[in-house]
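Colleague: Could you take me closely through the side-chain contacts of this model, meaning the charged pairs and the aromatic pairs, and set each one in its surroundings?

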Amino acid sequence: MIHSHRMFSHLVRTTGEESFYDDQLRHAAWGARCVGRGPTAPLHAGGLTALADRLELKSLPAGSPVFSAGAPPDGVWIVRHGQIELSVGSGSQHAVVDVLGPGDVDGDIALLLEMPLPYTARTLTESECLFLPAADFDAVLAGHPAIARRWLSSVAQRLSAVQAQLINILGRPLPIQVSQLLLDGAVDGSVPLDQRTLAAMLGVPCPSLNKTVKEFERHGLINIGDETIDIIDAEGLRHLHLPAETR
């Protein structure tokens, strides 16, 4: 979900401000890669049962704010139903960095690191979440060793996966970096990131990123939407990583 770089006013926007926004976007996007989901989610059914008396059920209409970028985390959110958008900026500078779905967990890493939230969250659809307040989160980790071990193991797995993604793309040609980022970020064959977010994550100019994804589209590997990129030929994207003589 990326928009091309535009200076909405030459009197307001400066190169330094654009760079600051790109840094914020990059931080938020990689932070979103650390969301607990699937096999790396910190809780299973048994863990939820153990926390039943501490968890709060929250039903949220579509468009509801969940938390705001820059604010201190107030607890851990576990999505039961619906979709929650993670984004930075507003107006022409609004960029979506991820979309949470059922089973996804967020807020725990920010709590553990005592750092502000890197992005804003709001519901895209009517959603239902389990919420574990910050004080209860601390109490659970202190009083339930088995849950604490599983939770910290989940965080370690997520951080390790993001580190591996970074190492895997550093120093490689841009087409390989972009293809790897698309493959890593795909959910059900679609990447919920626009081109400005992808460019910020890779630290490259938007025109360079745009040229690469347009070439992918021309070869039938992807389809570029306004706010998503659909992967048409995942195997073709993986093929780019092979040595030239074996393709």
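Modeller: What follows goes through the salt bridges and then the aromatic pairs.

Please keep in mind throughout that this is a predicted model. The structure holds 11 salt bridges, and I will look closely at some of them. In one, the side chains of R26 and D23 meet with N and O 2.9 Å from each other; both residues belong to helix α1, which covers residues 15-32, and they sit three residues apart, about one turn of the helix. R26 is partly exposed because its relative accessibility is 25%, and D23, with a relative accessible area of 41%, is partly exposed as well.

A salt bridge between D98 and R33 brings their closest N and O atoms to 3.0 Å. Here D98 lies in strand β5 (residues 95-100) whereas R33 is in the loop between α1 and α2 (45-50), so this pair ties together parts that are 65 residues apart in sequence. D98 counts as buried because its relative accessibility is 2%, which falls under the 20% limit, and R33 is likewise buried, with a relative accessible area of 15%.

In helix α9 (residues 234-239), R238 and E235 are three residues apart, which means that about one helical turn separates them, and their side chains form a salt bridge with an N to O distance of 3.5 Å. R238 is partly exposed at 42% relative accessibility, while E235 reaches 53% and therefore counts as exposed, the limit being over 50%. Some salt bridges also share partners, and in this way R33, R37, D98 and D104 are joined into one network.

Turning to the aromatic side chains, the count comes to three aromatic pairs. One of them is formed by F67 and Y119, whose ring centres are 6.3 Å apart and whose planes stand at 35°, so the pair is tilted. F67 lies in strand β2 (residues 65-67) and Y119 in the loop between α3 (108-113) and β7 (120-123), so the contact ties together parts that are 52 residues apart in sequence. With a relative accessible area of 9%, F67 is buried, and Y119, at 2% relative accessibility, is buried too.

Another aromatic pair is that of F137 and W151, with ring centres 5.0 Å apart and planes at 70°, an angle over 60 degrees, so the pair is edge-to-face. F137 belongs to helix α4 (residues 134-143) and W151 to helix α5 (residues 145-169), so the pair ties together parts that are 14 residues apart in sequence. Both F137 and W151 are buried.

Terms used:
Residues are numbered from 1 along each chain as its sequence is written. This is a predicted model: local features need pLDDT of at least 70, side-chain atom pairs count only at pLDDT 80 or more; totals for chains, interfaces and linings use all residues. Side-chain values use heavy atoms; hydrogens and water are left out. A salt bridge is a side-chain nitrogen of Lys or Arg within 4 Å of a carboxyl oxygen of Asp or Glu. Helices (H or I, at least four residues) and strands (E, at least two) are DSSP runs, numbered from the N terminus. Buried means under 20% relative accessible area, exposed over 50%, partly exposed in between (1.4 Å probe, protein chains only). Rings of Phe, Tyr and Trp (its six-membered ring) pair if their centres lie within 6.5 Å; planes under 30 degrees apart count as stacked, over 60 as edge-to-face and the rest as tilted.
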